[in-house]
Amino acid sequence: MTTAARPAGRQRRGSSLAPSWQKGYLLASPALIAMIAILIYPLGYSFVMSFYRWDLASPSQYFVGLSNYRDTFNSLGFQQTLRVQLIFSFVTIAIEVVAGIGVAVLVNSKLRGLKLARTLLLVPPMIAPAVVGLNFRWLFNGQYGLVNAILRYLGLPEAPWLSDPNWALASVMIADIWQNTPLLVLLFLAGLQSLPQEPIEAAQVDGASPWGIFWHITLPLLRPVIMIVLMLRIIDTFRTFDVIWLMTQGGPGGATNLVTVNAYLLAFQSASFGHASAVSYIALFLSLIFLALLYGVPWMRRRLRRTS
Amino acid sequence: MTASATASPVRRRRGRPAMRDGITAGLVIRYLVLIGTVLLTVFPLIWLVLTSLRSSADIFAVPVRVLPESVTFNQYVAVFSQYGLDNYLWNTVIVSVATVVLVILCAVPCAYAMARFNLPGAKVVVSILLIMRMIPVVALAIPLFAVFASIGLLDTLTALVLAHTASKLPVAIWLLMGFIQDLPKEIEESAQMDGASTLRIIVQIVSPLIAPGIGATAVITFLFTWNDLLLALTLSSSEAAQTLPVGLTNFVSQFGIDWGAMSAAGVMMVIPTLIFVWFAQGLLVKGLVTGAVRG
C-alpha cells in the first residue's frame with residue numbers, strides 16, 4: 001500500500017491533480033460495487049448456468065456441457081426464432097436507415113417549422129415501447145382497427161394484420177420502424193450539420209447535380225454516423241422485447257418470436273432457465289457477430305487495398 | 001464561434017442561388033417530406049388520444065368514426081376506479097425517481113474518477129461499461145429473478161430499484177465521463193491548490209459545470225426506467241411492485257381487452273415523456289447524440 005502510494009505522492013508535485021488511485025477507486029466504488037453485485041455477478045451466473053441443467057421445477061442442477069446450446073440450435077422453435085430475428089433485424093434496420101438518411105438529407109435546410117418537427121420527432125423514440133405495442137395492436141385490430149377501416153374506405157382488401165403469421169411479422173416491424181426511424185432522422189440531421197460545408201459548396205459551384213452531391217460527397221462524409229447508427233440498431237434489434245410482447249407475445253405460431261421473446265418464454269413459461277440463459281447468450285453472440293462483420297469487413301477491405 | 005459566425009453568411013449567399021436554380025420544385029418536395037414525416041409520426045399518437053376520449057360503444061362502431069361521437073373522460077375515470085391504475089402509477093413513480101437519484105449519486109463520482117484519475121484498469125472498466133450496453137436485458141432478467149428469489153426480494157420495489165440502478169449505471173457513467181472530459185482541468189487544479197477536498201471539488205465545482213450533462217443523464221435514466229417492461233415483468237408478480245407497463249399487459253390478460261381504458265392508461269404513461277420532450281428537448285438530444293456518437 002505505502003509503496004503504491006508513494007509514486008502518486010511524487011506525482012502530486014508534478015501534476016497538481018494528485019491522481020492517487022486508491023482515492024479514485026474509493027470514489028468509483030459505489031457504482032462499481034452496484035454493477036458487480038447486480039449486473040456482472042448475475043450475468044456471470046447465468047452464463048455458467050447456461051451449461052447446466054437448471055429448472056425452476058426441480059432443485060437439482062447439474063453440468064450438461066454444451067447440451068443447452070445444442071438443444072437450442074436443434075429445436076424447430078429456435079430455428080424459426082433465428083429466421084424471424086434475422087428478417088426482423090435486416091428489414092427494419094434497412095428501412096430505418098434508408099428512410100432516416102433520406103428524410104434527414106431532404107429536410108436539412110432552412111425550412112419553416114423544422115424546429116417544431118424535430119421536437120415532435122423526438123416523441124416516438126422516447127415513449128414506452130409497451131405503449132407503442134398496444135397502440136399498434138389497436139390500429140391493426142382486424143374489425144375495429146383504423147388501418148383496416150382506411151383500407152375498406154379506399155376499396156382495398158383488408159389485411160389479417162395480427163392474425164396471420166406473415167402479416168404479424170410485418171405488423172411488428174411497422175411498429176418498430178415507426179418508433180425508431182425518427183431517432184435516426186435526428187441523429188443523421190446532427191451528423192449532417194457537423195459535416196464540413198466546403199466540399200458540398202465546391203461541388204455546387206462546379207454545377208454538380210443534387211443527386212451526385214448526395215451520392216459522392218454527403219454519403220461518404222456521413223459514413224461514420226451511419227456506422228454508429230447501424231451499430232446501435234443491431235444491438236437494439238437483438239434486445240427488442242416490449243413492442244412484441246404487447247402486440248403478439250411472439251405469436252401467432254411463433255411468427256414474431258424474436259430471440260429475447262423466445263428466452264423469456266423459455267424461462268418464465270417453460271421454467272427452463274438453463275435453456276433460456278443459453279438463448280439469451282446466443283442473442284448476445286449474434287449481435288457481436290454482426291458488429292464484427294460491420295467493422296471487420298471494411299477494415300479487411302482497406303487492408304487488402306493497401307497491400308495490393 | 002467567430003469562425004462559424006463569419007462562415008454562415010457566406011454559406012447562405014452561396015446556397016441561395018443554387019436553390020433558386022433548382023426552382024421551387026425542390027423546396028416543395030422538401031416541405032412535403034417534412035409534413036409527411038411529421039404526420040406519420042404524430043398520427044398514431046393522436047389516434048391513441050382520440051380512442052381514450054371515446055365511449056366504449058363509440059370504440060366498437062362500424063364503420064370506424066374518425067372523430068369521437070362525443071368526448072368523454074369516462075375511460076380515465078375507469079382506469080382508476082376499475083383497474084386501480086393509481087397503484088401502478090405510484091409504483092412507477094417511486095421506482096423511476098429512486099433509480100434516478102441512486103444512478104446520479106453513484107455515477108457522478110465514478111465518472112469523475114474514471115475521467116480524471118489515471119486509474120489502473122480504468123480502460124478495462126470502460127470497455128466493460130460498453131459491453132454492458134450490448135447485453136440483452138433478458139440475459140440479465142433471468143438470473144436476477146433467481147438471485148432476488150433466493151434472497152426474498154422478488155416482487156418488491158427495492159428489487160426493481162436495484163435492478164434498474166445497476167442496469168442504467170453503465171450508460172450514465174459513460175455519458176457523464178464525456179461531459180467531465182470536456183471541462184478544462186485548470187479550475188479543479190486551482191481549487192485543489194486552495195485545499196479543497198476531492199469530494200468538495202466534485203460537489204461544488206464539477207457538478208454545477210456539468211449540470212447539463214447531469215440533467216441529460218437524469219432525464220434519459222428516468223425515461224428508460226419509466227418505460228421499462230421486461231425487468232418489471234420479470235421481477236414483480238403482484239400489485240405490490242407492478243409498474244405501469246406491466247399494468248398495460250394486465251389489461252390484456254385479466255379483463256379481455258378494454259381498448260378505451262387501455263388507451264387512457266397509455267396516454268397517461270406517455271405524459272411524462274411529452275413533458276420532458278417539450279421542456280428538456282435540448283438535454284435529451286444532447287444526451288442521445290453524445291451517447292450515440294461516443295458509443
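Predicted model: local features only at pLDDT ≥ 70, side-chain atom pairs only at ≥ 80, totals over all residues.
Tutor: Residues are numbered from 1 along each chain as its sequence is written, and chains are lettered from A and ligands numbered from 1 in the order in which they are written.

Student: Why is S29(A) called partly exposed?

Tutor: A residue is buried if 20 or more other C-beta atoms, placed from the backbone, lie within 10 Å of its own, exposed if 12 or fewer, and partly exposed in between. S29(A) has 15 C-beta neighbours inside 10 Å, so it counts as partly exposed. S29(A) sits in helix α2 of chain A; helices are DSSP runs of H or I with at least four residues, strands are runs of E with at least two, and both are numbered from the N terminus.

Student: What makes α7(B) largely enclosed?

Tutor: Of its 14 residues, 11 are buried, so the rest of the structure largely encloses α7(B). Among the buried ones are V137(B), L140(B), P143(B) and F148(B). They pack against α2, α13 and α14 of chain A, together with α8 and α12 of chain B.

Student: How do you know that the span of α7(B) is close to the expected one?

Tutor: The expected span is 1.5 Å times one less than the number of residues. Helix α7(B), residues 137-150, reaches 20 Å from its first C-alpha to its last, close to the 20 Å expected. Just after this helix, G152(B) takes a positive phi of about 70°.

Student: Why is α10(A) called roughly antiparallel to α11(A)?

Tutor: Angles run from 0 to 180 degrees between N-to-C directions, with axes fitted to C-alpha atoms over the stretch in contact. Under 35 degrees counts as roughly parallel, over 145 as roughly antiparallel, 65 to 115 as roughly perpendicular and the rest as oblique. These two helices pack at about 155°, with their axes 10 Å apart, so α10(A) is roughly antiparallel to α11(A).

Student: What makes a set of residues a nonpolar core, and which residues have the most contacts inside the largest one?

Tutor: A nonpolar core is a set of buried Ala, Val, Leu, Ile, Met, Phe, Trp, Tyr and Cys residues joined through C-beta atoms within 7 Å. The largest has 171 residues, and those with the most contacts inside it include A107(B), I173(B) and L284(B). Helix α8 of chain B gives the largest share, 16 residues.

Technical notes. Contact = placed C-beta atoms within 7 Å.
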